[in-house]
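Hi everyone, thanks for making time. I'd like to walk you through one structure and pick out a few spots. Let me put it on the screen.

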Amino acid sequence: MRTSQFFLATLKEVPADAEIVSHQLMLRAGLIRQVAAGVYNWLPLGHRVLSKVSQVVREEMDRAGAQEVLLPAVQPAELWQHSGRWDDYGPELLRFKDRHERDFCFGPTHEEVITTLARSEIRSYRQLPVNLYQIQTKFRDEIRPRFGVMRSREFIMKDAYSFDRDSDGMSQSYQSMYDAYVRIFERLGLQAQAVEADSGSIGGNFSHEFHVLADSGEDAIAFCSPCGYAANVEKVNLTPASCERPDAKETMAEVATPDVHTIAELSAFLKIDAKQTLKTLIVQGSGDLPVALVLRGDHDLNSVKAETLDEIAKPLRMASAKEIEEATGSAPGSVGPVGLKLPVIVDHDASALSDFVCGANRDGFHLQGVNWGRDLAEPTTHDLRQAVEGDPCPTDPLQSIQVRRGIEVGHVFQLGTKYSEALDGNFLDAQGRSQPFYMGCYGIGITRIVAAAIEQSHDENGIIWPAPLAPFDVCIVPIGLKKSEQVANTVEALYAELEEAGFAVLLDDRDERPGVMFSEMDLIGIPHRIVIGEKGLAKGIVEYRNRATGETVDYALDAFVETLKTLSSL
């Protein structure tokens with residue numbers, strides 16, 4: 001491909017509304033352009049990368065025995081109503097009516113559609129197992145789309161669904177997909193990590209996320225290198241502290257704390273460590289009363305853990321300022337567990353404190369020297385908090401976890417019979433009895449992989465594509481193309497020879513200064529760059545530059561195609 005014929009839409013300036021590197025570089029390199037909030041055009045350069053991702057995914061899905069289908073993006077409401085997710089999914093589900101006033105949605109996922117297909121076509125256990133997948137556009141109406149395609153509303157996803165006779169078969173299908181995902185990310189040249197995860201709104205009891213490790217990742221991933229444990233911090237179970245609670249030494253007393261509403265402000269005002277404070281969060285309860293969740297001041301609530309408690313309404317909802325005042329008599333920031341006439345659930349670590357500081361349930365005041373069992377009842381405790389670096393490993397408590405950032409690019413689930421039972425997805429077993437399918441669900445974010453790859457691999461000059469994702473393998477930058485017949489003839493001959501050898505080549509035949517061409521080729525991230533000019537040709541050489549390492553080497557022109565084959569295989 002020649003740049004004079006290619007729709008190369010690069011930008012010199014960093015767009016003001018692009019917050020993270022991948023969003024900035026995808027706009028600057030001309031991969032995408034925004035149409036509406038969270039909705040993007042994919043330009044030719046970006047589409048070439050998408051196609052490469054999709055090809056690797058297809059090959060590994062086919063290798064694992066899955067078969068490709070194409071399901072409708074628009075889905076009738078009754079399917080979602082039968083599964084119970086029409087109401088449960090929330091405002092992310094884009095709902096609309098057709099001209100006959102019938103309810104539809106634009107699919108954010110396809111469990112309902114695929115289960116309905118399976119129940120109508122799979123009659124007997126002899127037809128199982130079956131694994132069907134698609135690469136399809138999805139839509140989730142994010143409340144705040146951001147970070148470009150990293151958290152967009154419209155996106156492309158590969159989703160696969162397995163159907164088995166029993167739990168053992170489901171586990172085998174799950175492992176097959178897990179292994180396929182490992183191969184996919186290895187082939188794409190990405191540093192990815194599989195971690196235990198919460199199943200969220202998709203459902204099921206067992207799942208793994210696949211994360212591309214990058215400092216800009218939205219998710220926190222817990223690792224224990226000695227034992228190999230890895231999980232999303234939402235999934236890390238924390239046991240009660242092994243040490244006994246210290247004895248009380250102080251007397252409870254009320255202290256004025258004017259204009260103090262946060263733990264940081266409280267710690268600064270009283271000159272104490274946040275670890276010696278408690279914070280009380282009011283959430284909607286499953287019964288008539290709100291529920292108070294109490295954590296140590298330096299810890300954050302883990303909403304996934306909280307939602308598992310019977311006392312808590314699902315989905316978890318924090319009480320509004322008005323609801324907090326009605327329930328406690330004080331504004332947010334002054335609430336504490338002492339004398340609180342609400343159900344109180346306390347995190348394990350918060351229950352281990354003595355002589356702590358908490359809200360006094362009176363605006364502008366806090367309590368000091370508070371102790372469990374003396375100033376308020378011994379607490380009912382649960383694991384409520386988010387894991388942090390240094391916490392004990394759930395597998396080997398003698399080890400500590402480390403926390404890194406990750407970008408979720410894949411998720412595999414064991415669904416069990418959740419959807420097959422809800423949607424009457426049954427087959428006849430060997431005894432002629434009707435049984436529900438055991439299902440698995442397996443998603444990969446095709447568009448998100450592109451952004452994640454950039455977050456993991458870039459420099460101040462632009463994108464550094466892993467070779468399997470690069471829109472072109474090699475670019476040729478001629479010096480004096482319009483002025484030198486020798487350069488022009490050599491470039492044309494090498495261009496043809498490289499394409500004949502199977503390389504995807506971008507020939508920069510524009511009438512631009514060398515510096516402009518060099519910077520744009522760096523920006524769009526082509527792995528191999530060849531510079532051809534009269535000075536080099538006089539010596540029989542071309543200048544080669546490796547985008548990833550920045551190394552520049554002169555190679556003999558007459559053997560360069562074979563040289564590049566070797567370089568590109570390293």
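This is a predicted model: local features need pLDDT of at least 70, side-chain atom pairs count only at pLDDT 80 or more; totals for chains, interfaces and linings use all residues.

Two packed helices are described by the angle between their axes and the distance between the axes. For helix H2, residues 44–63, and helix H12, residues 446–456, the angle is about 115° and the axes lie 9 Å apart. Angles from 65 to 115 degrees count as roughly perpendicular, so that is the term for H2 relative to H12. The crossing of H2 and H12 is right-handed.

Which residues make the contact? On the H2 side we have Val49, Leu50, Val53, Ser54 and Val57, and H12 brings Ile446, Thr447, Ile449 and Val450. Sorted by type, the residues of this H2–H12 contact are seven nonpolar and two polar, with no charged ones.

Next, Thr10, which sits in the segment before helix H1 (21–28). Thr10 and Leu523 are separated by 513 residues in sequence, yet their C-alpha atoms are 8.5 Å apart in space. Beyond its neighbours within four places in sequence, Thr10 touches Arg28, Ala29, Gly30, Glu520, Leu523 and Ile524. With Glu520 there is also a side-chain to side-chain polar contact, at 2.7 Å.

And last, Val35, in strand S1, residues 32–36. Is Val35 buried or exposed? Its relative accessible area is 52%, and exposed means over 50%, so Val35 is exposed.

Notes: Residues are numbered from 1 along each chain as its sequence is written. Side-chain values use heavy atoms; hydrogens and water are left out. Axes are lines fitted to C-alpha atoms, for helices over the stretch in contact, and angles run from 0 to 180 degrees between N-to-C directions. Helices (H or I, at least four residues) and strands (E, at least two) are DSSP runs, numbered from the N terminus. Angles under 35 degrees count as roughly parallel, over 145 as roughly antiparallel, 65 to 115 as roughly perpendicular and the rest as oblique. A crossing is left-handed if the near helix is turned anticlockwise from the far one by less than a right angle, and right-handed if clockwise. Contact means heavy atoms within 4.5 Å. Ala, Val, Leu, Ile, Met, Phe, Trp, Tyr, Cys and Pro count as nonpolar, Asp, Glu, Lys and Arg as charged, and the others, Gly among them, as polar. A polar contact is a pair of N or O atoms within 3.5 Å; within protein, one must be able to donate a hydrogen and the other to accept it, and residues adjacent in sequence count only if both atoms are side-chain atoms. Buried means under 20% relative accessible area, exposed over 50%, partly exposed in between (1.4 Å probe, protein chains only).
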